[in-house]
Amino acid sequence: ISGSKGTGLIDTNFICKGDSLLLVANFSSTHAIDSLVWDYGNNLRVNRLDNHFHQFKQSGVFNLNFEVFNNLGCLDIINFDTLVVSGPDIDFLASDTLVCLNNEVNFKNLAKGNTLSYEWKTEDKIYFNIDITHQYKQVGFKEVELIAMDKFGCKDSLTKNNYIEEA
(Lines give C-alpha, C1' and ligand atoms only; values in the text may rest on other atoms or scores of the structure.)
Protein backbone atom coordinates (compact mmCIF):
# COMPACT_ATOMS: atom_id res chain seq x y z
CA ILE A 1 0.00 0.00 0.00
CA SER A 2 1.36 3.40 -0.83
CA GLY A 3 2.45 5.06 2.38
CA SER A 4 2.27 1.93 4.52
CA LYS A 5 4.75 -0.46 6.03
CA GLY A 6 4.54 -3.35 8.43
CA THR A 7 5.86 -6.52 9.96
CA GLY A 8 4.23 -9.63 11.32
CA LEU A 9 5.46 -10.84 14.66
CA ILE A 10 5.11 -14.20 16.37
CA ASP A 11 6.84 -15.00 19.65
CA THR A 12 8.12 -18.39 18.46
CA ASN A 13 8.49 -20.41 15.27
CA PHE A 14 7.49 -23.68 16.94
CA ILE A 15 4.46 -24.78 18.96
CA CYS A 16 2.69 -28.01 19.83
CA LYS A 17 -0.60 -28.94 18.21
CA GLY A 18 -3.46 -27.51 20.26
CA ASP A 19 -1.40 -24.61 21.61
CA SER A 20 -2.30 -20.98 20.95
CA LEU A 21 0.04 -18.43 19.45
CA LEU A 22 -0.09 -14.63 19.83
CA LEU A 23 -0.18 -12.99 16.41
CA VAL A 24 0.88 -9.35 16.28
CA ALA A 25 0.43 -7.08 13.26
CA ASN A 26 2.71 -4.05 13.33
CA PHE A 27 1.88 -1.68 10.52
CA SER A 28 1.35 1.96 9.75
CA SER A 29 -0.33 3.70 6.88
CA THR A 30 -0.86 7.23 5.68
CA HIS A 31 -4.42 6.21 4.75
CA ALA A 32 -7.23 4.77 6.86
CA ILE A 33 -7.23 0.97 7.17
CA ASP A 34 -10.49 -0.67 6.11
CA SER A 35 -9.66 -4.26 6.94
CA LEU A 36 -6.96 -6.62 8.07
CA VAL A 37 -7.30 -10.22 6.87
CA TRP A 38 -5.27 -12.86 8.72
CA ASP A 39 -4.21 -15.92 6.74
CA TYR A 40 -3.20 -18.72 9.12
CA GLY A 41 -1.65 -20.83 6.37
CA ASN A 42 -4.21 -23.62 6.83
CA ASN A 43 -6.96 -22.42 4.46
CA LEU A 44 -8.48 -20.33 7.27
CA ARG A 45 -8.75 -16.58 6.74
CA VAL A 46 -10.23 -14.20 9.31
CA ASN A 47 -10.99 -10.50 9.03
CA ARG A 48 -10.07 -8.76 12.30
CA LEU A 49 -8.13 -5.63 13.15
CA ASP A 50 -6.71 -6.68 16.52
CA ASN A 51 -3.71 -8.70 17.64
CA HIS A 52 -4.97 -12.03 18.95
CA PHE A 53 -4.29 -15.62 19.87
CA HIS A 54 -4.97 -18.40 17.37
CA GLN A 55 -5.07 -22.10 18.23
CA PHE A 56 -3.46 -24.49 15.74
CA LYS A 57 -5.29 -27.83 15.93
CA GLN A 58 -3.32 -29.68 13.26
CA SER A 59 0.37 -30.48 12.84
CA GLY A 60 2.21 -29.01 9.88
CA VAL A 61 4.28 -26.16 8.51
CA PHE A 62 2.36 -22.92 8.12
CA ASN A 63 3.19 -19.74 6.19
CA LEU A 64 1.32 -16.98 8.02
CA ASN A 65 0.50 -13.54 6.69
CA PHE A 66 -1.95 -10.70 6.98
CA GLU A 67 -3.37 -8.48 4.26
CA VAL A 68 -3.93 -4.79 4.91
CA PHE A 69 -6.62 -3.03 2.84
CA ASN A 70 -6.85 0.75 3.01
CA ASN A 71 -9.76 3.07 2.26
CA LEU A 72 -8.47 3.53 -1.32
CA GLY A 73 -8.81 -0.21 -2.00
CA CYS A 74 -5.05 -0.83 -2.02
CA LEU A 75 -3.59 -4.07 -0.65
CA ASP A 76 -0.33 -4.87 1.15
CA ILE A 77 0.62 -8.41 2.24
CA ILE A 78 2.83 -8.80 5.32
CA ASN A 79 4.46 -12.23 5.79
CA PHE A 80 5.45 -13.81 9.08
CA ASP A 81 8.25 -16.29 9.62
CA THR A 82 7.31 -19.92 8.94
CA LEU A 83 5.59 -21.65 11.86
CA VAL A 84 6.08 -25.35 12.65
CA VAL A 85 3.27 -27.04 14.59
CA SER A 86 4.14 -30.49 15.90
CA GLY A 87 2.27 -33.19 17.76
CA PRO A 88 1.21 -36.79 17.38
CA ASP A 89 -2.06 -37.88 15.81
CA ILE A 90 -3.20 -40.72 18.04
CA ASP A 91 -5.43 -43.76 17.73
CA PHE A 92 -5.34 -47.46 18.57
CA LEU A 93 -7.33 -50.67 18.10
CA ALA A 94 -7.81 -53.84 20.14
CA SER A 95 -7.72 -57.32 18.61
CA ASP A 96 -11.04 -57.97 20.36
CA THR A 97 -13.27 -55.92 22.65
CA LEU A 98 -15.19 -58.82 24.22
CA VAL A 99 -12.68 -61.10 25.93
CA CYS A 100 -13.00 -64.12 28.19
CA LEU A 101 -11.41 -63.85 31.63
CA ASN A 102 -7.61 -64.33 31.61
CA ASN A 103 -7.38 -64.19 27.79
CA GLU A 104 -4.94 -61.76 26.21
CA VAL A 105 -5.88 -58.67 24.21
CA ASN A 106 -3.49 -57.23 21.62
CA PHE A 107 -3.49 -53.45 21.23
CA LYS A 108 -2.29 -51.98 17.93
CA ASN A 109 -0.87 -48.46 18.06
CA LEU A 110 -1.97 -46.30 15.10
CA ALA A 111 -0.29 -43.05 16.26
CA LYS A 112 1.57 -40.92 13.71
CA GLY A 113 4.18 -38.24 14.31
CA ASN A 114 7.87 -37.34 14.61
CA THR A 115 9.91 -39.98 16.47
CA LEU A 116 7.26 -40.96 19.00
CA SER A 117 7.56 -42.53 22.43
CA TYR A 118 4.58 -44.27 24.00
CA GLU A 119 2.93 -44.95 27.32
CA TRP A 120 -0.04 -47.31 27.60
CA LYS A 121 -2.16 -47.38 30.76
CA THR A 122 -4.48 -50.23 31.70
CA GLU A 123 -6.23 -50.71 35.03
CA ASP A 124 -3.23 -52.46 36.58
CA LYS A 125 -0.16 -51.87 34.43
CA ILE A 126 1.83 -49.29 32.45
CA TYR A 127 3.68 -50.23 29.24
CA PHE A 128 6.20 -48.30 27.14
CA ASN A 129 6.07 -50.37 23.94
CA ILE A 130 4.70 -49.43 20.52
CA ASP A 131 2.09 -52.22 20.63
CA ILE A 132 1.10 -54.22 23.69
CA THR A 133 -0.53 -57.45 24.81
CA HIS A 134 -2.45 -57.28 28.07
CA GLN A 135 -4.27 -59.88 30.16
CA TYR A 136 -7.20 -58.69 32.27
CA LYS A 137 -7.84 -60.63 35.48
CA GLN A 138 -11.23 -59.31 36.58
CA VAL A 139 -14.65 -59.33 34.94
CA GLY A 140 -16.06 -55.96 33.82
CA PHE A 141 -15.65 -53.07 31.42
CA LYS A 142 -12.11 -51.74 31.06
CA GLU A 143 -10.61 -48.49 29.87
CA VAL A 144 -7.35 -48.17 27.97
CA GLU A 145 -5.23 -45.05 27.50
CA LEU A 146 -2.42 -44.37 25.05
CA ILE A 147 -0.15 -41.36 25.46
CA ALA A 148 2.29 -40.44 22.68
CA MET A 149 5.06 -37.84 22.82
CA ASP A 150 7.09 -36.68 19.83
CA LYS A 151 10.76 -35.71 19.70
CA PHE A 152 9.84 -32.07 20.45
CA GLY A 153 7.99 -32.95 23.67
CA CYS A 154 4.52 -32.45 22.20
CA LYS A 155 1.99 -34.91 23.64
CA ASP A 156 -1.43 -36.27 22.85
CA SER A 157 -3.48 -38.92 24.57
CA LEU A 158 -6.52 -41.02 23.85
CA THR A 159 -8.59 -42.82 26.47
CA LYS A 160 -11.22 -45.33 25.38
CA ASN A 161 -13.63 -45.81 28.29
CA ASN A 162 -15.46 -49.15 28.62
CA TYR A 163 -13.53 -50.25 25.52
CA ILE A 164 -12.85 -53.84 26.62
CA GLU A 165 -15.45 -56.11 28.22
CA GLU A 166 -13.91 -58.93 30.21
CA ALA A 167 -16.46 -61.73 30.65
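This is a predicted model: local features need pLDDT of at least 70, side-chain atom pairs count only at pLDDT 80 or more; totals for chains, interfaces and linings use all residues.
## Strands E3 and E6

Strand E3 (residues 20–29) and strand E6 run antiparallel, joined by four bridges. Two strands count as paired if DSSP finds at least two bridges between them. Strands here are DSSP runs of at least two residues, labelled E and numbered from the N terminus.

Residues are numbered from 1 along each chain as its sequence is written, and side-chain values use heavy atoms, leaving out hydrogens and water.

Which side chains of E6 (residues 52–55) are buried? His52 and His54 are, and they point to one face. Buried means under 20% relative accessible area, exposed over 50%, and partly exposed in between (1.4 Å probe, protein chains only). In a regular strand the side chains alternate between the two faces of the sheet.

Strand E12 covers residues 117–121. Its covered face holds Tyr118 and Trp120. Ser117, Glu119 and Lys121 make up the uncovered face.

E12 pairs with E15 in the antiparallel sense over five bridges. In that pairing, Glu119 stands opposite Ile147. E12 also pairs with strand E13 (residues 126–127), again antiparallel, over two bridges. Here Trp120 stands opposite Tyr127. A hairpin of four residues joins E12 to E13.

## Val139 in its loop

Where does Val139 lie? Val139 sits in the loop between strand E14 (132–135) and strand E15 (140–149). Val139 counts as exposed because its relative accessibility is 59%.

Val139 is in contact with Leu101, Glu166 and Ala167, leaving aside neighbours within four places in sequence. Contact means heavy atoms within 4.5 Å. Val139 and Cys100 are 39 residues apart in sequence, and their C-alpha atoms are 8.4 Å apart.

## The whole protein

The protein has 16 strands and zero helices (a helix is a DSSP run of H or I, at least four residues). Its C-alpha atoms fill a box of roughly 75 × 25 × 20 Å along the principal axes. Of the 167 residues, 37% count as buried.

Take contacts between residues at least 6 apart in sequence. Of these, 57% join residues at least 24 apart.
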